[in-house]
Structures are given as C-alpha cells and as structure tokens.
Amino acid sequence: MVKLHEQILRDAHQSMLATRMRTEDMLPIAKKLDEVGYFSLEVWGGATFDVCIRYLNEDPWVRLNKLKEAIPNTPLQMLERAMNIVAYWNFPDDVVKKFCFFAKKNGCDYFRIFDALNDLRNMETPMKAVKEAGGHVQACMSYTISPVHTVEYFVERFEKLVKMGADTLCIKDMAGMISPQRAYDIVKGCKDAGIKLEIDLHTHCTSGMTGMAYQRAADAGVDILDTDISAISGGTAAPPTESVVAAFKDTPWDTGYDLELLIEIRKYFLKVWDKYRHLHRFNALKFDPSVTLHQIPGGMLSNLIFQLEEQGAHDKYRDILDETARVREELGYPPLVTPSSQVVGVQAVMNVLHGRYKVITKETKDYCRGMYGKSPAPIKPEIMKKILGPKWKDEVIDCRPSDLIKPMWDKSKSKLNEIDGGSLIKKEEDIMTYILFPQVGLKFLKGEAKAEFTSAQLPLPIENPLTRAMVKQSFPEYKQLWIETTPPEDRVGPAQIPTEFEVEVDGEPYEVKVIPAGGFLVAGAGKPAVPGKPKDIEGAVKTNMQGTILSIKVNKGDKVKKGDIIATIEAMKMEQEIKSESDGEVKDIFIKEGVSVANGDIIMQIL
C-alpha cells in the first residue's frame, strides 16, 4: 500500500496559480478532503505566508486555524525552510523555536523541514523545536543533479537525519526532474541501508518523467507519494491524485482511496481553476524536459513568469533559463529551492538584463560568504573575486550562519510595541509576522495592505489589467493590449475607448473610472502629455528593475563617491543595492522609502 500526501491547498496553486488561492475558496471543500484518508494534507508554509500578507490581505495564522477547524481528522502539514522558516534569509534560534511552537498551536501537525543547501546544521534547531512542540518531523533532502549529488550522497545524509530525530523522510524534487532510475536507486539505497522510517517522494510533472518515476519508486518500496487533485495538477505541479489512485488500484500499492469521492473534489476545483483564469499561464502547463538542465522548480517557474512580465522582460524567459544553469554551476551546484532558487534565479535575471555580474544582489554576496550555509561544491575563486572583491577570503564564514545572528524576539516585540502604542499586536503571532517580513508585515498589521482581488470578484472581468495580462501572453509583441467586447454592428461612433484604469499613487494601485465629457482624440493626434516626473535630467540616477525602495542611504546635499551605496531596492523578492555612478553631490531625491518604482525611474540627481 502507498499513502498519498495531498498538496492541492498549497503546492498545487503555488506551482500553477502563483500561490494566489484564497482561504474562502478552500473552506467549502475542506470536509470532503478530510474524508479521503490522506497520509497528510499540505496547507501552509512555502510561499503562502508571504503571499497572504503581500497580495491577498489575509492573515496566514487565521488561515491555518480555520483549516484545522474544518479538517480535524487529517494531519495538516507545512513546508518549513529550516532556519529561513518561511522567508528568504536566516533567523536566530529564538525566532525559529517560537515559530514552530505557534505553528503547532494554530493547527500544523506535520512539518516538512528542508535546507536549501542540504546543510544539516541548519536543520537541527527546527527539528528539535518541532519535536518539543509535539509535532511530526518529516526531514527532507533537496534533490538535484550534479557531479556532487550522487545516490550515496543522499543515502548518507538520510541516515544522519534518522539519528537527528526525524519521524519520516522525504526526497524533495522541487524541480520535477528525478528520473525513474534515480528515484528507484535512492529509495532502494535507503531501504538497503536499513532505514526503517517511511520515505516520501515529492516531485513535479515538469520533465514529463514523473509517472514513470513514481512507479519505479513504488517498485523500490516508497511509502508515500505527493499528488495534487487533477484540476490543478500536471505541468509545473505534481501528478494528479485521482490518476495515481486509479493506476495503483488492485496492485500491491493500492491506496484504498475512494475514487468517486476524489472525482467530486475534482469537480469543485475545476470551478476554482476557472475562477482564477487570470493567473493561467501556458508555460506552466507544458512539459519542459530542459528542467534537467536549468533545474528551476515549478513554483519558481510560475512566479518567474509573472515577475518577468512585471519587469517588462517576458521575451528573455529562455535566455534566463540558460543563464540560471550557468550561474548555478558557478555557485557550487546549489539545489534550486527557496531561498537558493531565488538567489540563483534573480542573479541570472540580472546577468541577462544588465551583463554578467554587473549588478550583484545582496543575497548573492551573502550566499558566497556562506551566510546561507555551505555550498555543495566549492565556488570558483574567479567568481568569488568577482562577487566579493579581491579580499573575498576574509569575508567567508565557516560556522553555522545563525550562530552569528543575535536573538530577535524580545527586541522586535519592543519595537512593534512602540508603534501606535502597541495596538498592532492583537496576538503574539503578529510579532512573528513582523519579524519574518518587517516592511510587508508592518503594512499588513496596520491595515494598509490591499488584496489584489477577493473570491467574490472572481473571475476577474475581461477589462481587468490582470485578465489582460493573461490574454497578452498570446501576443507578446504588443506592449499593451485592449480587448474590444462590443460587436462592430452594435458600435455607435468610434471603437470603444477604455474608461477604467489602474492608477498608481505613491506605490499604491487604485482603480479609476474616467467618464468622457464629449469628443475623443484619434490615436496619434495632439502632443504628448507632460510627465509628472523628470524623464531625463543631467546626473540622473535610474532604477534598473521594478521594485520597492527599501532604504535611502543619503540626504539632499550629501557628497558621494562613485560606487557609494545610495539606496536599496527589493526586486523579485531580493534586495539589491543602488550605487552612485559618479562622484558628486546629491542635488535632489525623487522617491521615498516604501514606494514602488518602475524600471528606468529617476530616483535621484547627483552632480
């Protein structure tokens, strides 16, 4: 018998719908999901925490609580990024321990814990914390292909994880590239080594080999397989649950699940899939055997497509996949899973858009210093010099990264208490939200976050910018696309002129409806409007990415030198420095901290 771990409420929509499924679309089907008898149901962690507060204006703690109440019989599981928790950088031990306690308290039963670099030092604290809280530890090894990552490499580390207190083990193939033979060899290797714990295989359909890999893993004695209800499966997501159940029926691996119940659940999620039509992307639906080369995981592929659209660089998609493989090799073959996937992927984007290592993110520098852990293979000296400078050896650490981070909980609690007299802290978990995502979390706690959409607004109408973006993927040659919905024979006067717009003010989007007062302009008539910001001035300092200004390091009147850091920007969830391109004086500053900027915006004048 093989058990299934169901991912429809987390990894499925992270891979296919940019993690945007709202809680109100999960709860109506919760009871039926609870009746299936799954090994576990994945509902939390990964990118869901960030997306809840950044894009959905939802409290992730409330989501977990509601789902546990609605699904009392099936163990709920989260994806926990070791010392990164659910973010993209390391935290101190006190924060990791608190998080695991709160997650268990709010309804998480099983914790799938992994470290992006398979550095077991980073897994020790969260594993102990989960056990102390009464949770189940599913310890992972991040699967990847490289000269370093042999079958023996994985078996040896799984044996160590058993000794560290794991309850179950997981081969985490986040990119969907495990071959049938490699799946068989790793599972068989673990069984032959005397490992008695249940072994789970997690993968995606990206390469097209996954069905065969699941069969060979079953042949080798795998205990658990990861699947998604078929309505949101395949492509960059996992294999369909119902298909796996049907394939194993009347075999030694029969799951014993009720296929008719699963088909009922499928019907519900087909409606959900249609509701979220504005997030459908062709590239996420296709097989892509090249994943065995670039190794980008499904969730990152889905989000990368959206991020490239935001940056106006959708046409660079294939170039960036190729560059990702090159950067990964240069950085010592890290498995491409959060946060290392973001580090490598965003650096690849920078290399394609601006030239190889001309723009280097803070996270790339930290990775090379060892601040995420030890790279699987040594990083080439010439790359270290290019990223950290000629004295790079002095910057590299050899201890566990979190050993260098001071406790944060008490200090962050006091800091949050000072804002609005402590009124932002409604529960202790709010402090954790603030620690994990200081800027986005604070905005959420203040009630300033705005949801991209609510369930009641779905499906979004055809004129909505997000729906137009979905249609535009078929017409990449057009920068902007307007859709005519009135038949020609019903038109009165000229073709429809759009009257509803999304306007951005101080980084906040607002929907505006403009009612014509009479007359119209033919395209091309008249003179260009005078812009509100300078398009080009002498000494202009421009952004090279769309993002949010995190900090401004200078004041008007300051003297700066070429190469000085004058601001930092968050782009594609990574922080990068903006440096002065010349010596001079800061004559003017056109932005504020926390505002959104577009690629090419002038932020300062330095003369």
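**A close look at helix H5**

Author: Let's take helix H5, which covers residues 93–105 of this predicted model. H5 has 13 residues, and the distance from its first C-alpha to its last is 18 Å, close to the 18 Å expected at 1.5 Å a residue.

Now for the side chains. Which residues of H5 are buried? They are Val 95, Val 96, Phe 99, Cys 100, Phe 102 and Ala 103. If you look down the axis of H5, these buried residues fall within an arc of 165 degrees, so they line one face of the helix. The general rule is handy here: an α-helix has 3.6 residues a turn, so residues three or four places apart point the same way. After H5 comes Gly 107, and its phi is positive, near 130 degrees.

Of its 607 residues, 54% count as buried. The C-alpha atoms fill a box of roughly 75 × 70 × 50 Å along the principal axes. A compact globule with 607 residues would have a radius of gyration near 25 Å, and the protein agrees, with 25 Å. As for contacts with a separation of 6 or more, 72% are between residues 24 or more positions apart.

Methods
Residues numbered from 1 in each chain as written. Predicted model: local features only at pLDDT ≥ 70, side-chain atom pairs only at ≥ 80, totals over all residues. Heavy atoms only, no water. Helix = DSSP H or I, 4+ residues; strand = E, 2+ residues; numbered from the N terminus. Expected span 1.5 Å × (residues − 1). Buried < 20%, exposed > 50% of the residue type's maximum accessible area, 1.4 Å probe, protein only. Arc of directions from axis to C-beta. Rg over C-alpha atoms; globule rule 2.2 N^0.38 Å. Contact = heavy atoms within 4.5 Å.
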